[in-house]
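Here's a quick briefing for anyone meeting this structure for the first time. Have a look at the model, then read on.

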Amino acid sequence: MKLQGIRVLDLSLFLPGPHFTMMMADHGAEVISLEPPTGEPVRNIGLKQNGQSVWFRNVFRGKKSINLNLKSDAGKQAFYKLCETVDVVVEAFRPGVVERLGIDFDTIAKINPKLVYCSISAYGQTGPKRLNPAHDLSIQADSGAVQINQGQDAKPAQPGMPVADMAGSLMAFSGVLMALLRCQQTGKGDYLDISMQDSLVAWYANVMGPPFAENRSPEPKQERSWGGAAMYNIYQTADDKYLTLGGSELKFAKNLLTALGREDLINLCQLPPGPDQAPVTAFLQSTFLEKTLDQWQAFLANIDVCWSPVRSLNEAVRDEHLVQRDMLLNDEQGNLHLGVPVKFRHEPAQPNLTLPSFSQDTQALLAELGYSEQDIANMRSENAFI
């Protein structure tokens, strides 16, 4: 596998860090999660199946679990020894915490100059908001994502996806891989400052027209991506279900409107989104209300147009296409796991669907680092680990 031989020490919790280190584990990296004394919080968040939370199962598979008390001298010394053996360290504390603990990049780089050290935080390690506590919703709100996520009532809606978390995960994943590649060439590691807000804002490339070109905030219902384009919109059907048109290229408008007998509306689809396209939107709204979703599915089957039914999450993830793409995996207990999206022809991922119990690998790892049984017993008595 592509990352075989890479060793990762992960101190992060919840979603961005654990998700990206799990992707590394799926592709062969050895990932050691250093859990706090109370364990990774998502072990106990949300619905459980066979005693394990679904969230935990989908960010922690294939990892090792250890516990070290970094506020104890013995625990910190063991941490330093471990850092001599790893390629990557990931942490997601609030800025300043790792310095207070004495486990920051500058300290660890003296122990292991080849180390790639990745810090993930809400707002980054610099700037006036660096110490502000925040999770995904706060970051989305503060970054403009909630404002553009409006319902038809023009009020902001609760986001359906943790895009700030996941953007941070993917940016960290990309950055770490780049740093590892460079380290192979230079023999020198690096430090990554990954901000969830930076990562989210970097995804705005296709929606920044109004702020950049006209120095204004977008009006979501009038903009191309959020309801202003007739051919890029959500429509209700006769049975109170919904479908989407998802391609605003003129060829798709021609194909659909010709099939519906309204070639006279085609030219309107070339105009800017918003009021100019309102007649097309109004026609499609009334037309789609005339038939059920199944009837429209049959009608649209032979028309070259971007469209899709609005499916429930439960229905969507069980779709045969995703099954064939191996995006649903079953472990030995019959639990479902999300699959691996990065698919190589050679050396594909081989996700290990087993989950570690809390701290199950601590003693074995300490022994690997050269600690004797007595040393380990002494460390336990000194509360260096649980």
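Tyr 235, Phe 288, Trp 296 and Phe 299 come together in one aromatic cluster. Keep in mind that this is a predicted model. Across the whole structure, a search turns up nine aromatic pairs.

**Aromatic pairs**
- One of the nine pairs is Phe 20 with Phe 173, a tilted pair at 6.2 Å centre to centre, with 35 degrees between the planes.
- Phe 20 belongs to helix H1 and Phe 173 to helix H8, so this pair ties together parts 153 residues apart in sequence.
- Phe 20 is buried, at 0% relative accessible area, and Phe 173 is buried too, at 11%.
- Phe 105 and Tyr 191 also make a tilted pair, at 5.5 Å centre to centre and 40 degrees between the planes.
- Tyr 191 counts as partly exposed, with 30% relative accessibility.

**Charges over rings**
- Lys 63 has its charged end over the ring of Phe 60, 5.0 Å from the centre.
- Arg 262 lies over the face of Phe 283, 5.0 Å from the ring centre.

**The sheet**
- Six strands make an open sheet with parallel pairing, in the order S5-S2-S1-S6-S7-S8.
- S5 and S8 are the edge strands with a single partner each, so one side of each has no neighbour in the sheet.
- Strands S1 and S6 run parallel and are joined by three bridges, with Val 8 opposite Val 88 in S6.
- Helix H3 packs on the sheet, touching S1, S2, S5 and S6.
- Helix H8 packs on the sheet as well, touching S6, S7 and S8.

Key
Residues are numbered from 1 along each chain as its sequence is written. This is a predicted model: local features need pLDDT of at least 70, side-chain atom pairs count only at pLDDT 80 or more; totals for chains, interfaces and linings use all residues. Side-chain values use heavy atoms; hydrogens and water are left out. Two strands pair if DSSP finds at least two bridges between them. Helices (H or I, at least four residues) and strands (E, at least two) are DSSP runs, numbered from the N terminus. Contact means heavy atoms within 4.5 Å. Axes are lines fitted to C-alpha atoms, for helices over the stretch in contact, and angles run from 0 to 180 degrees between N-to-C directions. Rings of Phe, Tyr and Trp (its six-membered ring) pair if their centres lie within 6.5 Å; planes under 30 degrees apart count as stacked, over 60 as edge-to-face and the rest as tilted. Buried means under 20% relative accessible area, exposed over 50%, partly exposed in between (1.4 Å probe, protein chains only). A charge sits over a ring if NZ of Lys or CZ of Arg is within 6 Å of the ring centre and within 35 degrees of the ring normal.
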